[in-house]
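Hi,

Here is the structure I promised to pass on.

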Amino acid sequence: MTISESSSLSRRTLLRGAAVAGAAAATATVVRPGAASAQPVAAPALDVQAAAERAATIPTPEKYFGFRIGSDGNLATWDKMVPYFKLIADSSNRVLFEEVGKTTEGNPYILLTISSPNNLAKLDQLIEINSRLADPRGLSPTEAEKLASTGKPFYMVYAGIHSTEVGNSQATIEWAYRLATEHSDYMDSILDDLIILMVPCQNPDGLVKVNDYFVKTAGTNYSRTYPDLYQKYCGHDDNRDWFMLTQVESHLAAQIQNKYHPQVLQDSHQAGSGAPRMFTPPYLSPYDPNIDPITVQQTDVLGLAMQRGMTAAGMKGAGWGMTYDYWTPSRQYCVYHNAVRILTEAASVTNLAYPFVSTRPIGNQESSISFIEPYDRTTWTLRQIVDYVGQCFYSGIEAVAYDKFNWLYNFYRVGVKGANRTGAYIIAAGQRDPQAVKDTLDILFRGAVEIHQAQAAFTAGGKQYPTGSYVIFLNQPYGGFAKTLLEKQNYPHLLQYPGGPPQRPYDVTAQTLPMMLGFTADLVTDSISVSTKLLTEIKPPQITMPTPPSPTGAYVIGPESYGVYRIISRLQKQGIATFRAGAQFTDGARTFPAGTFIVPPTDAARQILQDQARDTGIPVSALSAVPPVAGAQLKAGTKIGLLKPANNIQSGWLMFMFDQYEVDYKIVEANDYDNLSGRFDAIVMPHGVSRNSIVNGLNRNNYPQEWSWAFGVGEDGWNKLRNFVTSGGTLIAFGSGSNTAQQLFELPIESILPSEETVFYCPGSLLSQEIDANDPVGYGMNPKNPVWFDGDRAYRLIDPNKYPVKVVAKYPDSGEQLQSGWLIGGEHLNGAVNGLSWTVGSGYLVTFGSEIAFRTWNRGEGKMVFNAMYHGPSQKLTSEQFQRLGR
Ligand SMILES: [Zn+2]
């Protein structure tokens with residue numbers, strides 16, 4: 001255990017991969033139970049032989065699961081994997097097992113901490129060293145050097161965030177077994193110099209859904225692939241959640257990173273069958289400039305170590321520098337926390353676990369510097385996925401263990417650079433949407449960003465800020481995380497060749513929270529002189545409830561905050577009458593905008609408003625008399641339907657949004673089409689709902705009866721959906737859903753955007769918009785609220801007389817259309833129509849060409865979905881009726 005660095009290097013290299021029996025330094029088995037804060041208890045080293053013998057009793061994966069991992073047609077399931085990992089930890093002195101928490105659907109989310117017994121015995125101390133290097137404020141270079149010499153890098157790896165990419169989670173079974181049982185100089189030397197944080201499955205719910213379904217359908221004629229979202233709400237988008245941090249699994253992974261400060265995060269995926277057999281970094285351009293250049297270089301070094309490992313092992317068809325870039329934080333939390341993100345993408349096989357067979361050698365056959373050896377065989381198997389990703393993993397841990405000083409010292413250097421950033425973001429107190437500010441602070445807080453609150457009013461950058469304003473100084477370790485989320489993105493103008501089409505970003509190009517949620521954050525570069533307090537929790541601003549109004553008066557809540565919709569849901573649930581003013585009104589010196597919510601002054605209403613005001617910071621006022629304006633009364637118990645084709649991600653995100661806001665909704669199932677009007681007042685048709693998904697739906701020949709809710713409803717159902725609207729129902733369609741609505745009603749609109757990407761291109765950016773805040777759909781909106789646009793539609797109204805129609809939202813007639821991200825040919829948007837409200841028969845239809853509820857990111861806009869779905873079914877009142885509150 002005390003071999004010198006130089007002599008061990010050559011021995012390690014020689015012994016690479018060889019399983020040499022030998023004794024490990026021993027402590028008793030350490031199993032870490034329960035909460036994340038629980039620390040392992042190490043017993044003194046006693047019996048080396050006993051420890052080795054105990055490890056030798058661990059059944060091999062093949063023996064335990066009854067098949068070789070990765071063999072054709074076989075997948076291990078989570079109910080057997082978890083006990084196996086526990087068994088390994090129970091029998092090995094190198095492995096700690098911890099259930100870090102429960103998933104969205106209550107499955108165990110587990111972490112294996114794997115290292116030498118000596119390291120595990122002093123794990124606290126090693127975590128402490130790592131934390132100190134992660135936040136080097138006050139640490140001298142000499143001290144840092146000493147810590148980097150005595151510390152050990154932490155290498156986090158997770159698999160299976162995408163559940164149909166099955167090979168990676170299967171591979172972790174073998175890794176855990178080998179790391180626990182192999183006694184060789186090679187393994188000992190790695191485990192002496194590295195702590196591995198292994199999350200065998202980042203999305204256990206999905207592993208349960210996909211692998212159990214695969215097992216269940218064996219021997220049937222049904223499709224073997226689970227047909228719906230494999231994460232309850234966001235399906236495949238679960239790896240687009242790394243900055244909004246909306247899902248439980250994202251919280252758990254961030255929690256691990258915040259605690260251990262890993263230097264590496266390996267994120268294991270699969271791509272299509274025709275893709276390179278394995279992708280690793282280096283990535284394509286661009287990288288987010290908020291990622292430190294050292295982190296980018298370390299990423300390249302580690303990715304190439306994996307490429308070298310595969311080539312040396314004779315694994316052909318691996319490549320780098322293609323398809324994937326290093327831009328959006330939606331795909332990477334770790335890089336803003338100074339760890340490299342190593343994406344591995346193995347090619348997939350057929351039906352999850354059966355060989356992919358081609359008549360020719362698979363994939364690109366042209367060799368290049370980033371794709372050295374094309375794959376020369378005609379089959380590709382699950383076992384090969386396990387082998388390739390295993391090679392990447394072992395090459396990765398080897399490379400970091402052998403070069404541990406550089407990994408730790410460079411990690412420290414990145415921290416020092418972070419701590420020397422300049423400037424601060426100020427989020428003024430008293431903004432129009434307290435929920436938007438609270439959500440932002442929650443995200444930053446979860447991301448380990450330090451948030452200060454001003455203890456007095458102050459002036460900075462020539463602007464005055466009230467007491468209680470939030471200050472985020474950027475000279476802190478994770479200031480880059482705050483900066484990338486608060487600033488405007490300037491995505492580089494990257495073309496495939498001069499004058500050619502754009503080089504597509506792998507995902508979206510913008511993440512500016514102030515624009516998406518609806519608040520302002522100011523970058524200040526002067527020094528800020530005000531006393532501030534570091535927040536240890538995020539609380540909404542304190543709200544003082546007004547004196548109860550007289551029986552002829554009312555309570556009032558403004559329409560500006562999207563958080564108000566949780567209040568509306570509670571009022572709906574309690575059957576409390578709720579009204580909206582149809583125009584701006586005044587009460588004494590106060591002015592209230594159109595769409596202000598008005599609630600009768602009952603005790604029950606007061607209780608709900610008081611509780612909600614406390615939780616959200618949304619102010620409540622009282623009126624002595626109801627204003628003389630026309631308005632509407634929300635329908636008591638408004639019944640919302642959500643169109644959710646199987647595996648439609650945007651519908652899943654809508655479910656999440658509705659659950660967050662406690663909306664009483666139901667998925668529109670195939671058998672609901674018999675009585676849509678009886679079951680729903682308003683139906684929401686998000687992006688991804690098409691005529692095909694409604695008419696044909698899931699193919700009933702390929703899926704058992706349990707999926708009948710998603711089967712197609714035919715032309716008959718299509719017509720019934722139309723009748724639902726024309727006979728008085730409400731339909732809200734957005735993104736590609738607007739296209740579907742256009743087909744359903746032959747709407748007189750025409751998409752005006754050029755289809756050639758050289759002429760017009762917008763891959764997930766924020767664009768200028770003019771919104772009519774006096775229209776019921778636009779109530780409470782900032783009239784200049786940017787909209788999210790991701791390859792969407794913009795329209796021209798070709799016949800304004802076919803149906804009564806109003807323009808709710810449009811692109812400005814001239815000027816800059818881009819607010820944040822990337823846009824080519826913005827002038828084609830000039831004057832284009834986006835949001836329209838239509839009267840169709842006796843029904844109400846709202847269409848938006850853009851995605852006004854994208855992954856729940858653009859919550860400021862998402863308010864328009866709520867506005868529309870409650871407005872359509874509401875009862876319209878004259879000013880006389882309104883003054884009597886509809887009585
Ligand atoms: Zn994936």
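Predicted model: local features only at pLDDT ≥ 70, side-chain atom pairs only at ≥ 80, totals over all residues.

Residues are numbered from 1 along each chain as its sequence is written, and side-chain values use heavy atoms, with hydrogens and water left out.

First, the zinc ion. Its protein donors (N, O and S atoms within 2.8 Å of the metal, or 3.2 Å for Na, K and Ca; water is not among the atoms, so sites may look incomplete) are His162 (ND1), Glu165 (OE), Glu165 (OE) and His269 (ND1), at 2.1 to 2.5 Å. Along the chain they follow the spacing H-x2-E-x103-H. Glutamate 165 sits in the loop between strand S3 (154-159) and helix H8 (167-181), while histidine 269 is in strand S5 (residues 264-271), so the pair ties together parts 104 residues apart in sequence. Helices (H or I, at least four residues) and strands (E, at least two) are DSSP runs, numbered from the N terminus. Both glutamate 165 and histidine 269 are buried (under 20% relative accessible area, 1.4 Å probe, protein chains only).

Then there's an open, antiparallel sheet of 5 strands, in the order S18-S13-S17-S14-S19. Strands pair here if DSSP finds at least two bridges between them. S18 (522-524) and S19 (532-534) are at the edges with a single partner strand each, so one side of each has no neighbour in the sheet. Strand S13 (residues 424-427) is joined to S18 by 3 bridges, and tyrosine 425 has leucine 523 in S18 as its bridge partner.

Cheers

Key:
Buried < 20%, exposed > 50% of the residue type's maximum accessible area, 1.4 Å probe, protein only.
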